[in-house]
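Subject: Structure handover

Hello,

Below is the structure I said I would pass on, followed by notes on what turned up in it. Please read the notes alongside the coordinates.

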Amino acid sequence: MSLKPQSADWLLLWTLRCLGAIAGAIVIAIVIFLVLEALPVLQQVGIGRFVTDPSWHPAEGFYNLMPMLWGTLLAMGGSVLIATPLGILSAIFCQYYAPKWLANLYRRLIELLAGIPSVVYGFWGLVVLVPLINRLHPPGTSLLAGIAILTIMILPTIALTADASFTKIPSSYLLGAASLGLSRWGTICGIVLPAAKSGLFTGVILETGRAIGETMAVLMVCGNVVQTPHSLFDPIRTLTANIALEMAYALGNHRSALFVSGLVLMGAIALLVVIAEAISQEEIYG
Amino acid sequence: MAKKKGVQKSEVRSQKSEVNFLPCSPASPASPSPHLPISPSPPPLSLLPTITVWAIALLVTATFAWIVGDIIWHGAGTISWEFLTTAPKNSGREGGIAPILVATGLILGVCLAVSLPLGIGTAILLAEFTPTDSWFGRLVRRSLDVLAGVPSIVFGLFGNVFFARTLGLGFSILSGGLTLACMVLPILIRSAEEGLRAVPNDYRLAAASLGLSRTTTLWQLLLPAAVPGLLVGLVLGIGRAMAETAALIFTSGYVDRMPQSLFDSGRALSIHIFDLSMNVSGGDTNAYGSALVLVVLLLLINGTAAQIADRWLHKF
């Protein structure tokens, strides 16, 4: 609509602009407050020591975030590696294998799975999954439990995005494939997956963001020992869990250091948004 | 693509190289048809993908059934009218969840009271009053994209610093609700914007040709017509806010007494589950009950959203 607003509309327009500006400014406010709170420790201690310090003992002035960073990266990497094929194959099941009624039912199920809160997943992991892993290899609360719970949690994200991007594939592609006599699996590998590539990448990025940011579930099943894990059965602590655990009693530089890890998380999310943006640009111009 | 084609498969495949220019070929320029072996593939191999795909669907369904079944199985025994209407005793091991339900409701109320006007206003601005290529619209949209991805614990940090400390609200229902309001904004705005965009353009043209002001058009025509989209946004927002835990730990706090005002600390249902299972030994029974209440509420809420969205999509 490019009609010029009448003079009576200026009130509405400026009210809306103010509301929009507030909504848009929240992210900026978040970053500003994180930086303000993180600044003391960054000035006194410097960025380098977050990597080079011997350990994470903020009370004694040691601020090594690396074990937590490894925890986050390994839990994220493992769950994304497992959830991505499972999610994409789930969407393929919906679109190309299941009869229509079953596909609708399955889609609804995945939507429900997406709606279950993280604390319930964490609780289930704690009372069901952790004892099972404990029987396999004590102590049970471990990187493996974290990966398993995260996989279940992010699977709906990739499955629903993949399903949506499969729906957008022009039906002429599929008709062409059918008329060439391609098998169902041949059509999927040769035509469906390449055609839906950018949508699938977006899905992977979304699930990665969710895996990085997840707090409660990993806090409940990972054991929260600050260490770089050497096996799947070692307990780990992620950056997010670290904030949730220590924020309650942290003071001074310790508190500041937690805000530094908050900034690291924000940075990771911003990076993912930029990558997603780049992919969608490529989709349009590439 | 049923079984019939399998019969003709090998025959058609031999002609594949000649007909490669057909519409399907531009779709896969990078991969020079690795899926087409020259020799006809043996039947067991072609069954493998089918079996895998069905097995994965079965696995996901089974996991879902396991989680929900476990919570219903263990939680159903706990739930009673008494559980819902009495206060927790002995740090939650006994008693019910009445104050927790009230606190959850109040936090939700604060969250919606702030996020609804803000979100719907922004959605109207983006959908009706901002050209898609304007710098302001793009900036707001970009920042909302980032906001949607911000981890909930970071919202917790922000809420703790800004609402609880800088604004001096302390650990209170108000701080928690305001923090959640920031969090649900992106969902709310996206659904409301979609709702507004789904209103046919004829409405706007007809209103303009009648000489109605944009304000009148908005209030009398566009908003009523966009109600389904707004409702979906509202319901999804409620769902997201109710499921949230991490953002509330440092903003609305842990206190499990019945809140007397919005400035009191109040424990949300999700925090109650977290606290019972992590910090209270022997709290699992009541944690199961609370988890069942939360899951049922959320399934109802999300089901409603899906229902509204479905009906509304059929309408247009």
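I start with B:Gly96, which lies in the loop between strand 2 (94-95) and helix 4 of chain B; helices (H or I, at least four residues) and strands (E, at least two) are DSSP runs, numbered from the N terminus. This is a predicted model, in which local features need pLDDT of at least 70 and side-chain atom pairs count only at pLDDT 80 or more, while totals for chains, interfaces and linings use all residues. Residues are numbered from 1 along each chain as its sequence is written, chains are lettered from A and ligands numbered from 1 in the order in which they are written, and side-chain values use heavy atoms, with hydrogens and water left out.

B:Gly96 counts as buried because its relative accessibility is 1%; buried means under 20% relative accessible area, exposed over 50%, and partly exposed in between (1.4 Å probe, protein chains only). Not counting residues up to four places away in sequence, B:Gly96 touches B:Phe83, B:Thr86, B:Ala87 and B:Pro88, where contact means heavy atoms within 4.5 Å.

B:Ser252 sits between helix 11 (246-249) and helix 12 (269-278) of chain B. Leaving aside neighbours within four places in sequence, its contacts are B:Ile107, B:Phe171, B:Ser172, B:Gly176, B:Ser265 and B:Gly266.

Next, helix packing. Helix 9 (residues 214-225) and helix 10 (residues 227-243) of chain B pack at about 60 degrees, with axes 5 Å apart. Axes are lines fitted to C-alpha atoms, for helices over the stretch in contact, and angles run from 0 to 180 degrees between N-to-C directions. That angle makes helix 9 of chain B oblique to helix 10 of chain B; angles under 35 degrees count as roughly parallel, over 145 as roughly antiparallel, 65 to 115 as roughly perpendicular and the rest as oblique. In the contact, B:Leu223, B:Pro224 and B:Ala225 of helix 9 meet B:Val227, B:Pro228 and B:Leu230 of helix 10.

How many salt bridges are there over all chains? The search of the whole structure finds 11, a salt bridge being a side-chain nitrogen of Lys or Arg within 4 Å of a carboxyl oxygen of Asp or Glu. Three of them are set out here.

- A:Asp163 pairs with A:Arg107, the closest N and O atoms being 2.7 Å apart. The pair links helix 6 (residues 143-167) and helix 4 (residues 100-115) of chain A, 56 residues apart. A:Asp163 is buried at 8%, whereas A:Arg107 is partly exposed at 23%.
- B:Glu128 and B:Arg204 meet at 2.7 Å, N to O. B:Glu128 is in helix 4 (residues 98-129) and B:Arg204 in helix 8 (residues 201-209) of chain B, 76 residues apart. Both residues, B:Glu128 and B:Arg204, are buried.
- B:Arg190 and B:Asp145 meet at 3.8 Å, N to O. B:Arg190 lies in helix 7 (residues 173-197) and B:Asp145 in helix 5 (residues 135-149) of chain B, so the pair ties together parts 45 residues apart in sequence. B:Arg190 is partly exposed at 44%, as is B:Asp145 at 34%.

Finally, the disulfide count over all chains is 0, taking a disulfide as a pair of cysteine sulfur atoms within 2.5 Å.

Regards
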